[in-house]
Amino acid sequence: MSSINFEPITLERIVARGNMNKAFKKVVSNKGGAGVDDMQTIELASYIKMHPYEITKSVLEGKYRPQPIKRVYIPKDNGEQRPLGIPTVKDRLVQQAIALVLSEEYEKVFSDNSFGFRPTRSCNGAITRALEYLNSGLEWVIDLDLSKFFDTVNHSKLLQLLSDRIEDGRVISLIHRFLRAPISEDGNVSKKVTIGTPQGGVISPVLANIILNELDQLLDSRGIKFVRYADDMVILCGSRKAAERILANVTKFVEEKLFLKVNKDKTKILHACEKSQFLGFGFTTKVSQKKKELRPTQKYFAIVHEKKRLKFSKNIKEILDRRAKGGIKVVKERLKVFIRGWVNYFKGAIPINWATRTDEWIRRRIRQLLWKQWKKGSKRYEEIKKRCKSAPLFGEYAYTSNRYWRMSRTPLINKALSKKTLLAEGWFSISLVEGQS
């Protein structure tokens, strides 16, 4: 065991009033759907008020039993479905209380190259660190893919690692019960789970960091540079030969010591380029002269990966469906929220020329949507005249049978629904997000 001073992790510490209050605030602020008991997060406060000591008492007495986890599916980029587990609100509260204490102590031993689900750390920090290593000359990237990581975490191995640092067996037993909670899907409840940590479980991220910290420590001890965000990891090497040797050793350790599986089809060794992907970013040497002048010693820069740009366009198409689902006001808000979140995530890595072209394309889609929504010729005439006083011949346009996409690029409609007009009416664009570069 490490000589680092670990404070005891006990049930009493987990259910202490201060820790439970912090856990409660986090669960409520994170919201999330109801579990199998249909209790919503907004109902948790009144439940605790009516049963003030129930949860704490049952945890301390070893009687707390997690309820089945509600399984739902969310679509992945590749068209497949990702299973997501939704624990009940009460279970999320207890899991959050455990996670807070585990995180507080394990932060003392986690690697400086680990960035996922840790206080004050972010994807941006992970990309910055990867760029540091690339620009130091480590230009060969091992893109390590762990096959179905969360679904294949070995319970025995995880509990053994926890037991190395946690002396209170009651804590280990409580965590084990959460790991073994059955799955409820379409009304059918499975037997107790024997492998994996449910994606969606509050405690899963910190448990993932605990087991993968074993790999982090191995790499750190050998002076191998890497960056990890949860189960996404890149290892930076000076040559392909070194990368091949390191990958062989890492694969052996992951499979024989951690009982996980390296996906050999998706794990790749690439020279740093736009095709290598980490957290949605690629790496490039082709940037504007201005960017190079700002960072003269830097060779590699982060860039939004092509797949993420294609997905962005696909999402914009769905939001700006010309049927305007929910109404124009709803569409405007959805567009604003999506673009702002996307640009803030990729800020500093968005190619300026791509952003300019994409903004123009977004405006054309908005014009198409509005033209479709105005429907009747009289309505179109009225709306265009409001925005463009000098349109005496517009009647010919208003009653045309030309397709919406074709009409969206005509000079008169572009003039009436200009960039300035659309922005003034609340339509959002990439360039509106402050700090875009």
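User: In what sense do S6 and strand S7 (residues 232-237) pair, and over how many bridges?

Analyst: The model is a predicted one. One of the pairs across these strands sets phenylalanine 226 opposite isoleucine 235 of S7. The sense of the S6 and S7 pairing is antiparallel, and the number of bridges is five.

User: In what order do the four strands of the open sheet lie?

Analyst: Strand S6 (225-229) and strand S8 (268-271) each pair on one side only, which makes them the edge strands. On average, neighbouring strands of this sheet are turned by 20° against each other, direction ignored. The pairing is antiparallel, and the order is S6-S7-S3-S8.

User: Which strands does helix H6 (residues 123-135) lie across, and at about what angle does the helix run to S6?

Analyst: The strands are strand S3 (140-145), S6 and S7. Relative to S6, helix H6 runs at about 165°.

User: Which strands does helix H11 (residues 240-256) touch, and what angle does its direction make with that of S3?

Analyst: Helix H11 packs on the sheet, where it touches S3, S7 and S8. Its direction and that of S3 make an angle of about 25°.

User: Which residue of S10 is the bridge partner of phenylalanine 283?

Analyst: Strand S9 (residues 281-284) is joined to S10 by four bridges in the antiparallel sense. Within strand S10 (residues 301-304), Phe301 and Ile303 point one way while Ala302 and Val304 point the other way, and all are buried. The bridge partner of phenylalanine 283 is alanine 302.

User: Which side chain of opposite charge is nearest to lysine 90, and how far away is it?

Analyst: Lysine 90 belongs to helix H5 (residues 89-106) and is buried. Not counting residues up to four places away in sequence, lysine 90 touches several residues, including Asp37, Tyr47, Glu54 and Tyr64. A salt bridge needs nitrogen and oxygen within 4 Å, and lysine 90 has none. The nearest side chain of opposite charge is glutamate 54, at 4.3 Å.

User: How many disulfides does the structure hold?

Analyst: A disulfide is a covalent bond between the sulfur atoms of two cysteines. Cysteine 123 is buried, its relative accessible area being 14%, and cysteine 388 is buried with 5%. The number of disulfides in the structure is zero.

User: Which side chains meet that of glutamate 255 in salt bridges?

Analyst: Glutamate 255 counts as partly exposed, at 24% relative accessibility. Lysine 261, at 46%, is partly exposed, whereas lysine 264 is exposed because its relative accessibility is 54%. The N to O distance is 3.9 Å for lysine 261 and 3.3 Å for lysine 264. The side chains that meet glutamate 255 are those of lysine 261 and lysine 264.

User: Which residues do salt bridges that share partners join into one network with Lys379?

Analyst: Lysine 379 and glutamate 383 form a salt bridge, with their closest N and O atoms 2.8 Å apart. They are four residues apart in helix H16 (residues 377-387), so about one helical turn separates them. Lysine 379 is partly exposed at 31% relative accessibility, but glutamate 383 is buried at 6%. The residues joined with Lys379 are Glu383, Lys386, Arg387 and Glu425.

User: What percentage of the 437 residues of the chain count as buried?

Analyst: The chain has 20 helices and ten strands. Its C-alpha trace spans about 85 × 60 × 35 Å along the principal axes. The buried share of the 437 residues is 46%.

How values were computed. Residues are numbered from 1 along each chain as its sequence is written. This is a predicted model: local features need pLDDT of at least 70, side-chain atom pairs count only at pLDDT 80 or more; totals for chains, interfaces and linings use all residues. Side-chain values use heavy atoms; hydrogens and water are left out. Buried means under 20% relative accessible area, exposed over 50%, partly exposed in between (1.4 Å probe, protein chains only). Helices (H or I, at least four residues) and strands (E, at least two) are DSSP runs, numbered from the N terminus. Two strands pair if DSSP finds at least two bridges between them. Axes are lines fitted to C-alpha atoms, for helices over the stretch in contact, and angles run from 0 to 180 degrees between N-to-C directions. Contact means heavy atoms within 4.5 Å. Lys and Arg count as positive and Asp and Glu as negative; His and the chain ends are not counted. A disulfide is a pair of cysteine sulfur atoms within 2.5 Å.
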